[in-house]
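Try each task before reading its solution.

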Amino acid sequence: MNEKLKFGLCMLAGFAVVSAVWIPAGIPFQPIQFPVWYALSAIAIGLLAYTFEFSVRNLIRLTGVAVLLSGLIVGLGFSNENAFGRSNVITVLNRHGELGVICVGAALLIITGGIDLSVGSLVGLAAVSFGVLMEGGMPPLIALFTVGMFGLVVGVVHGLLVTQLRLQPFLVTLCGMFVYRGLARTVCKGGTGRVAVETAVDAATKKAATAGGADLESAAAAGKSAAESVSNSMLDLRFWLTGKDLTEREVFPAQLVLMLGLAAVAAVFLHRSAFGRYWYAIGYNAQATKYAGVNVWRHQVSVFAICSLLAALAGVMLFLYAGSVKPTDAGQEYELYAITAVVLGGVSLRGGEGTAVGVVLGAMVLPVVRTLMNFTQTPSDWVPWMIGLILLLGTVVDELIRRSKAGR
Amino acid sequence: MSSPLIEAVGIRKQFPGVLALDNVSCRLNRGEVLAVVGENGAGKSTLMKVIAGVYQPDGGEVRLNGVPVRFPTPLAAMKAGVSLIHQELNLAENLSVLDNLFLGREPTVGGPLKLLDRGSCIALGGKLLERVGLPADYLFRTVNELPPGQKQLVEIARALGLDAKLLIMDEPTSSLTQKETDRLYEVIDALKAAGVSVMYISHRLAEIKRCCDRAVVLRDGKNAGELSKADINHDNLVRLMVGRDLKSFFPRTHRADGGEVVLSIRDLTYRGGPPHPVSLDLRAGEVLGMAGLVGAGRTELSEAVFGLRPITGGSVTLNGVPLSIRRPSHAVRAGVLLLPEDRRLNGLVLEQSVGFNLSLPNLSRLTTGSVVRKQDEAVLHADSIRSLRIKTPTAAQAVGLLSGGNQQKVVFGKWLARGPKVLILDEPTRGVDVGAKTEIYTLMDELAGRGVAVWMITSDMEELLGVSDRVVVMHEGRLAGELPRNRLNEEAVMRLATGAH
């Protein structure tokens with residue numbers, strides 16, 4: 001088929017899918033965030049479809065996770081009559097989005113044959129740091145940028161340690177896991193204290209207020225308006241990133257849209273660009289890739305950097321979404337959830353295999369499982385082991401399907 | 001006459017989409033060495049694996065001493081005395097030779113405690129090593145310290161420990177030096193004298209002549225014929241293998257003399273290399289053969305020029321311009337390209353498709369803003385597959401599923417699209433069947449005709465003498481000498497290679 005025609009059709013399909021959800025659900029087109037989300041999700045879905053290669057091999061890889069997800073969603077429908085209610089769907093999709101952002105980075109890294117165990121700690125550190133920077137009076141966008149840059153630097157350091165000193169990624173990021181968790185507690189002075197959106201807003205307000213002029217009245221007035229602008233831009237950012245409005249109600253799964261956008265970019269890189277080719281080649285056989293004249297280490301470093309950058313972004317999202325985070329457990333075990341999710345989505349831990357669509361689907365499993373547990377009123381002490389078993393079931397089913405297809 | 005030791009009758013083996021073996025029969029007497037010959041994909045390895053219990057036949061039967069047998073696993077075959085020595089050796093690299101000899105069947109004492117009976121292990125192991133001509137103190141060496149030839153002898157010793165009656169060797173000499181190969185022949189002779197039979201897969205005609213009593217030729221999964229020892233010669237084998245006569249095995253129709261110097265290596269030293277510097281010139285339009293024993297430093301020199309080993313002194317100039325090569329990407333950009341010795345490890349991404357591999361070094365020319373132009377890519381794939389006559393159903397086929405010769409053509413294809421100036425070929429026809437060898441020689445001839453400087457490192461004497469315009473011989477890291485085509489002969493090369501003059 002003609003590439004341009006295919007592109008057009010996929011984009012149309014993207015808009016059709018999004019409209020088919022949007023219009024019956026009566027989602028508005030203002031304020032400005034809504035049309036942006038609308039367009040972004042439509043384009044992202046279109047790109048994901050366009051870049052996905054409909055080969056037998058790829059479809060087999062997705063069968064397992066698709067079966068598992070359908071089963072879980074049907075189960076969810078039976079568990080509670082409100083299961084597909086609006087607020088619940090938004091919550092599940094938002095959780096899906098948050099985990100998905102991490103999964104996109106983790107998947108790129110695993111495809112190139114790496115692994116990152118420090119993701120969860122980095123999420124925690126980023127969440128706490130963002131809060132602390134805000135409390136210190138830094139404007140939200142600048143704080144977001146700072147935290148993102150920090151993530152990027154951390155990833156570059158991981159990458160350099162792995163490629164230049166030839167340390168094992170497992171080891172480097174395992175150490176990172178301890179370091180960033182500890183740093184999160186140090187940054188948050190109390191050690192076990194917490195950082196919350198309200199305190200951040202209050203602190204920022206106070207700081208802005210005291211920075212006013214000489215006489216009391218004009219200071220108060222100047223301070224008040226400065227404080228308002230800080231607090232507004234914070235809440236604005238929260239709405240953009242998480243879909244929570246001023247009353248802290250989730251009105252839209254913005255995290256899902258953000259994740260779809262990132263996944264679409266990753267899809268273009270993985271399946272359509274020279275970079276993706278190199279990443280797959282490195283994952284399968286770094287040696288042969290080097291012999292082909294590719295600068296292997298630069299690619300490895302950049303993928304580590306992308307992974308950590310996305311983890312930092314997820315940290316900020318977690319802080320804004322949750323309202324308050326504790327340095328001791330914010331983002332804990334996220335790296336393991338992410339690895340499980342991408343493996344369920346058809347990314348091989350041996351490297352060199354996986355698709356962007358698979359990652360999106362794989363990331364959805366865990367949030368759905370958690371909701372299902374909630375609705376069926378599973379005792380909370382059962383949750384971890386049941387999650388473990390369901391994920392194991394998923395990987396086993398996946399492996400069996402792959403084998404039966406491959407064996408014939 | 002008693003029944004033969006092993007007999008395969010009417011073996012049929014079907015793989016998805018391929019009938020690998022179609023009514024193939026062969027038999028083997030006690031103490032006989034049988035060569036199984038054929039192009040890659042002819043079904044030699046499949047036949048071996050059926051006999052050794054790796055695969056189950058879909059039709060026909062295997063008879064041991066006249067009795068039909070069915071080995072469900074390779075282990076069952078080994079216990080019955082049929083051992084397969086793999087192309088890729090199956091030794092636990094991190095364990096000692098002793099541990100490997102008895103792996104899985106360690107003699108134990110102390111009943112349920114299963115304490116290793118080291119005394120009897122050592123005594124028995126020493127005897128086994130003696131039979132393959134290795135000294136007893138090798139028992140305590142770690143396997144990964146050993147060169148490939150000795151690993152192979154260890155594997156043979158392990159099979160002998162299982163009281164093997166039939167050893168199946170799949171291209172046993174493909175990674176051995178001449179000395180190691182000679183040693184292997186002696187071991188085979190000794191085994192033969194002791195009544196052990198050997199099935200021997202090889203591409204190398206000299207070897208087959210040297211040590212086999214009979215040759216069975218397979219073509220496209222069928223019996224193509226059988227040759228007795230007296231009839232084993234180059235022409236007969238090739239005729240049966242290919243099914244036609246090959247006119248010129250080493251074509252030299254495009255060669256011209258005395259091109260300009262393209263690549264000039266001056267006083268080069270590199271990390272991990274010999275202490276003395278090396279100088280070498282490559283001319284446009286010539287095939288420079290480089291001979292030497294394994295370990296003479298030929299591969300290492302080429303790796304230094306390709307940027308895989310840090311250069312510590314001297315210079316490399318291309319068409320008079322000094323090159324600064326610190327990474328393979330620098331060499332590739334300059335047009336100095338390498339076909340590595342181990343194509344499965346370094347030359348190809350085996351699990352990926354033919355097209356993926358062909359594109360890999362050429363992506364910079366196939367992208368707009370780093371997005372790959374699919375049409376242009378498809379054109380490149382189609383062109384390469386057609387012009388190199390790569391036998392593959394589509395460009396989407398995983399390259400690991402192709403035969404050795406076709407894999408090597410893919411590696412050529414990767415580089416040809418870049419327009420090489422210097423092409424370094426390290427053992428270009430290793431593991432490649434006869435038909436594809438000629439095609440590769442033709443290709444080298446054509447490239448030389450186009451003015452490419454071809455630098456061929458080879459351990460195959462026939463190839464060296466047949467293809468090269470000029471030969472340099474390395475001995476212990478230095479250039480021991482140079483031989484122009486008119487003074488080229490085997491003795492002269494070996495004299496230089498062994499440092500005797």
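## Exercise 1: a helix pair in chain A

In this predicted model, helix 4 (residues 86–111) of chain A packs on helix 13 (residues 334–344) of chain A at an angle of about 70 degrees, with the axes 9 Å apart. Work out how the two helices are oriented to each other and which residues make the contact.

Solution. 
1. Angles from 65 to 115 degrees count as roughly perpendicular.
2. At about 70 degrees, helix 4 of chain A and helix 13 of chain A are therefore roughly perpendicular to each other.
3. As for handedness, the crossing of helix 4 and helix 13 of chain A is right-handed.
4. Helix 4 of chain A brings Leu99(A), Ile102(A), Cys103(A), Ala106(A), Ala107(A) and Ile110(A). Helix 13 of chain A answers with Tyr334(A), Tyr337(A), Ala338(A), Ile339(A), Ala341(A) and Val342(A).
5. Sort the contact of these two helices by class and you get 12 nonpolar, no polar and no charged residues.

## Exercise 2: a second pair

Solution. 
1. The crossing of helix 11 and helix 12 of chain A is left-handed.
2. Contact residues on helix 11 of chain A include Tyr278(A), Trp279(A) and Lys290(A), and those on helix 12 of chain A include His299(A) and Val303(A).
3. By class, the contact between helix 11 and helix 12 of chain A has six nonpolar, three polar and one charged residues.

## Exercise 3: the core

Which residues have the most contacts inside the largest nonpolar core?

Solution. 
1. The largest nonpolar core has 197 residues, and Ile102(A), Ala263(A) and Val454(B) have the most contacts inside it.
2. Helix 12 (residues 296–322) of chain A gives the largest share of this core, 19 residues.
3. Now look at Ile102(A): leaving out residues up to four places away in sequence, Ile102(A) touches Val119(A), Val123(A), Leu310(A), Ala311(A), Ala314(A), Tyr334(A) and Ala338(A).

## Exercise 4: Ser387(B)

Is Ser387(B) buried, exposed or partly exposed?

Solution. 
1. Find Ser387(B) in helix 13 (residues 374–387) of chain B.
2. Buried needs 20 or more C-beta neighbours within 10 Å, and exposed needs 12 or fewer.
3. Ser387(B) has 14 inside 10 Å, so Ser387(B) counts as partly exposed.

Notes. Residues are numbered from 1 along each chain as its sequence is written. Chains are lettered from A and ligands numbered from 1 in the order in which they are written. This is a predicted model: local features need pLDDT of at least 70, side-chain atom pairs count only at pLDDT 80 or more; totals for chains, interfaces and linings use all residues. A nonpolar core is a set of buried Ala, Val, Leu, Ile, Met, Phe, Trp, Tyr and Cys residues joined through C-beta atoms within 7 Å. Helices (H or I, at least four residues) and strands (E, at least two) are DSSP runs, numbered from the N terminus. Two residues are in contact if their C-beta atoms, placed from the backbone, lie within 7 Å. A crossing is left-handed if the near helix is turned anticlockwise from the far one by less than a right angle, and right-handed if clockwise. Ala, Val, Leu, Ile, Met, Phe, Trp, Tyr, Cys and Pro count as nonpolar, Asp, Glu, Lys and Arg as charged, and the others, Gly among them, as polar. Axes are lines fitted to C-alpha atoms, for helices over the stretch in contact, and angles run from 0 to 180 degrees between N-to-C directions. Angles under 35 degrees count as roughly parallel, over 145 as roughly antiparallel, 65 to 115 as roughly perpendicular and the rest as oblique.
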